[in-house]
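This report describes how the parts of a protein structure pack against one another. Please consult the sequence and the model while reading.

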Amino acid sequence: MTRPAGEPGPVAGQPRPVLEMRAITKTFSGVTALSDVHLTVRPGEIHAVCGENGAGKSTLMKVLSGVHPHGSYEGEVRFEGEPVAFKDIRAGERHGIVIIHQELALVPQLSIAENIFLGNERRSARGTVDWNGTYREASRLLARVGLREKPQTPVSELGVGRQQLVEIAKALSKEVKLLILDEPTAALNDQDSAHLLELLLQLRDQGVAGIVISHKLNEIRAIADSVTILRDGRTVESLTVRHSPSAAPELSEERLIRGMVGRDLDHRFPDRTPYRGEDAGRIALAVDGWTVRHPADHRRTVVDGVSLTVRRGEIVGIAGLMGAGRTELAMSVFGRSYGQYVAGTVAVGGREVDTRTVPAAIAAGLAYVTEDRKRYGLNLLDTVQRNISLASLPGMRRSDAGRRNGVRGFVDEHRERRIAEHYRTSLNIKTPTVAERVGRLSGGNQQKVVLSRWIHTDPQVLILDEPTRGIDVGAKYEIYTVIDALAARGKAVLLLSSELPELLGMCDRIYTMAEGRLTGEVTRAEATQEVLMRHMTLRQMTENGS
Amino acid sequence: MTAFTSTPPEDTPASPPAMALLIHGARANMRQYGMLIALAFLVVLFQIWTDGTLLLPNNVSNLIQQNSYILILAMGMVIVIIAGHIDLSVGSLVAFVGAMAAVLMVKHGLPWVPALLLSLLIGAVAGAWQGFFIAYLGIPSFIVTLAGMLLFRGATQLVLEGQSLAPFPDGFQDLAKGFLPEVGPYTQYHNPTLTLGLCAVVLLLLREGRQRSRQLAHGLDVLPTGLWVARCTAITAAVVALALTLASFHGVPVVMLLMCGLLLALGQVMRNAVVGRHVYALGGNKAAAQLSGVKDQRVTFAVFVTMGVLAALAGCVYAARLNAGTPQAGLNFELEAIAASFIGGASMSGGVGTVMGAVIGGLVLGVLNNGMSLVGIGTDYQQVIKGLVLLAAVGFDVWNKRRAGR
């Protein structure tokens, strides 16, 4: 249902909507992805579309932008009052509808200017590329998005945040009227996110309407003028956010979550069951004086003298802005998988251990769940079962199991499958069978597969790097439950996250990092977002570790 | 021995719920099942077209011996491809090892058993040489093995001084041309072959049965009983038919026993051994494999050593078949082996494929070659048709994946 007329919105009166999608229904070989979905975007507004993974957000945007051509769906799309029927993306772009996907579509080897005009090159009279015009126009666009780089700079030299700005410049070069962004800040740090959101507001004021798909509810509250919530391929509701200069927005996160999951999530974090073993409180992981240099640039110290401890049954967080060195710390401790080791020791259960290679680190009782499960976590081509077993294959050999066919080095497939089934049930991995390819699972379920793999190595210490990145609210809660259960069984958990509410909700203690150093240690009782933020932005703390 | 079944074990019609299970299983291995059906279709086609010559006992024997070296190469090549690499040097290595074997036996008069072992060792060293650059120095396999292709071809000509060397001892020639010796009373059939066929049937059925009972014991999904019986019947029928065919000629070719052994061993290693799983993981996502404790350099090195040994074996078989070491041996063999792997379901990007699939792919090419020659299609058209088959097989797979992905 769309919002009835007459609601107080950011725009006075009720001008003609820039975009109207009416009764959109889309099915994929019998499976309904969208059912009777409505979406109305008014001129000069930023409209947020939110919903859990699989709710149909991306499909809806693909219908809108022409990825799914006219005729492959039912319903009507009206743009600026006229019915439109796009047969491909270019047709949509000619009308001024540009979509920027979650995975950036830039060619790293080409320059900023070449990327901006890729497929849309400016030609001179002779048909060759008009380089002067290209660079001049690119400079103008870069200024508009606030990116201070030369147009000749190769895109590969830019960070993700700046690449995102290049994408927007590219959209602007196409005379964009409606800009669609799919999870624009998912890969950005707080600073870049803030800049991007600010830019979207500027563009809105210049008349570019925007549709933003986001999981980050605080962002939606910050920039959206109205919100459409999808659930299971249907429009649940459309809400207007009242931005008044004095009062806070009326739309609360709880309200959004309720719409998205269809129920109240009174507790976004499960209740902790404390670990009651005899050795509760004993130190499980102790890292001392860990120092690592950048893999390419030897003068840069990325992790600088970090010392920390995690006790059995304890969940300890590490907070830090992007580039603070959290992931680098975790990966170098785990088999020196990042950078150049300079100094430091790791002790597990009070004994110093060798973590020079990944197998050694695993043998020492460490497990590291990566922040980027597609790149560093999963073999997307292989099955759920084989992805779960990958790190503990030597333990699934027949010779260890029942001496039947006791050939060393061979995996007992039946046992492997039973183990996979065990995790499918206990972690609620939604897949038709464990023989399904992991690439076909949703993000949350993929994450559960990676978690299963590492839980099955039976580690003393689990290092979880952004375990809920890109996962919807419902699956997040499930992941939190798993983490709590691990701690309740006496595992030591080190939780790296850039979402402060997550750290505050989950951790017993939180360390903060900035520029490769620990800058603070806060207990659960003392921790607030403000306290953490202050520590995270500290240039230097009073010499830590000495 | 199931490698040589001409009927697909699972193309029997089934009841609707079983069908769903089958379709789900089949989709994952679409290209391999598709190729098995295509292979059966080709066999039937040429059987009719050649008025029954294709499946005459002497031609079946011939078909096996003729394609043995390509199949051996394909079994290694598919492992290399699963690991995310390629090996362009195997054709030249076949020639080089054949030449070395000739030098050892013909020039230096070495008995054939030590000469064979030395040849395999040469292959292992050649594989280790290439594996070192690829695994430990990180040079792309395409480059290293392209260099190897030139290097080993040149070395062959140096070793042979441009001449062919012949003849080989009989024992060595039997590697490619020999049959299992006959024992026992005259029965019109070759007795050891019948016995072997029977053993194979018993072993295969035992394996099927035990696997099923273990699956049931673990409470896992199994094929419905009717379908399972049909599968067992098809396997039995195929093995018996092949055994009877071969037994009515000279019996089982020695090289076929060799290949069956390799197929079983390599298939099992790739399917269930830890190192085999690591090969798939490396090819599928190297970074993820490393972070899961896979020793990527050691595994990659081992893959190339294995390929080297298999290329050496293929080289010996080929030299034995020609009864000479020649400078031109093994030309374009790498391309045939690569084509067989891709037809059999391997993926360019690595992480996908099976040893069995590569053998099926190789047999598709082999039956095409043999059948087209029998009906008198010229080698010019044969090349064109084989090229189109490769394109169609991979094209079908890509199309099927895209459709499934929608």
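## Nonpolar cores

A nonpolar core is a set of buried Ala, Val, Leu, Ile, Met, Phe, Trp, Tyr and Cys residues joined through C-beta atoms within 7 Å. In this predicted model, the largest such core has 200 residues. The residues with the most contacts inside this core are A:I463, B:L73, B:A74, B:M75 and B:V317. Helix α13 (residues 296-322) of chain B contributes the largest share, 17 residues.

Leaving aside neighbours within four places in sequence, A:I463 is in contact with A:A330, A:F334, A:L366, A:A367, A:Y368, A:V369 and A:L494. Another core, of 69 residues, lies apart from the largest one; among its members are A:V37, A:L60, A:L178 and A:L230.

## Contact between the chains

Chain A provides 30 residues to the contact and chain B provides 24 residues. On the side of chain B that touches chain A, α8 (191-217), α11 (274-284) and α12 (286-291) of chain B each supply at least two residues. The most come from α11(B), with 6 residues. By class, this side of chain B holds 11 nonpolar, 9 polar and 4 charged residues.

## A pair of helices in chain A

Helix α4 (residues 131-145) and helix α5 (residues 160-173) of chain A pack with their axes 9 Å apart, at an angle of about 120°. The two helices, α4(A) and α5(A), are therefore oblique to each other. The crossing of α4(A) past α5(A) is right-handed.

From α4(A), the contact uses A:L141, A:L142, A:R144 and A:V145; from α5(A), it uses A:L165, A:I168, A:A169, A:L172 and A:S173. This contact has 7 nonpolar, 1 polar and 1 charged residues.

How values were computed:
Residues are numbered from 1 along each chain as its sequence is written. Chains are lettered from A and ligands numbered from 1 in the order in which they are written. This is a predicted model: local features need pLDDT of at least 70, side-chain atom pairs count only at pLDDT 80 or more; totals for chains, interfaces and linings use all residues. Two residues are in contact if their C-beta atoms, placed from the backbone, lie within 7 Å. Helices (H or I, at least four residues) and strands (E, at least two) are DSSP runs, numbered from the N terminus. Ala, Val, Leu, Ile, Met, Phe, Trp, Tyr, Cys and Pro count as nonpolar, Asp, Glu, Lys and Arg as charged, and the others, Gly among them, as polar. A residue is buried if 20 or more other C-beta atoms lie within 10 Å of its own, exposed if 12 or fewer, and partly exposed in between; C-beta atoms are placed from the backbone. Axes are lines fitted to C-alpha atoms, for helices over the stretch in contact, and angles run from 0 to 180 degrees between N-to-C directions. Angles under 35 degrees count as roughly parallel, over 145 as roughly antiparallel, 65 to 115 as roughly perpendicular and the rest as oblique. A crossing is left-handed if the near helix is turned anticlockwise from the far one by less than a right angle, and right-handed if clockwise.
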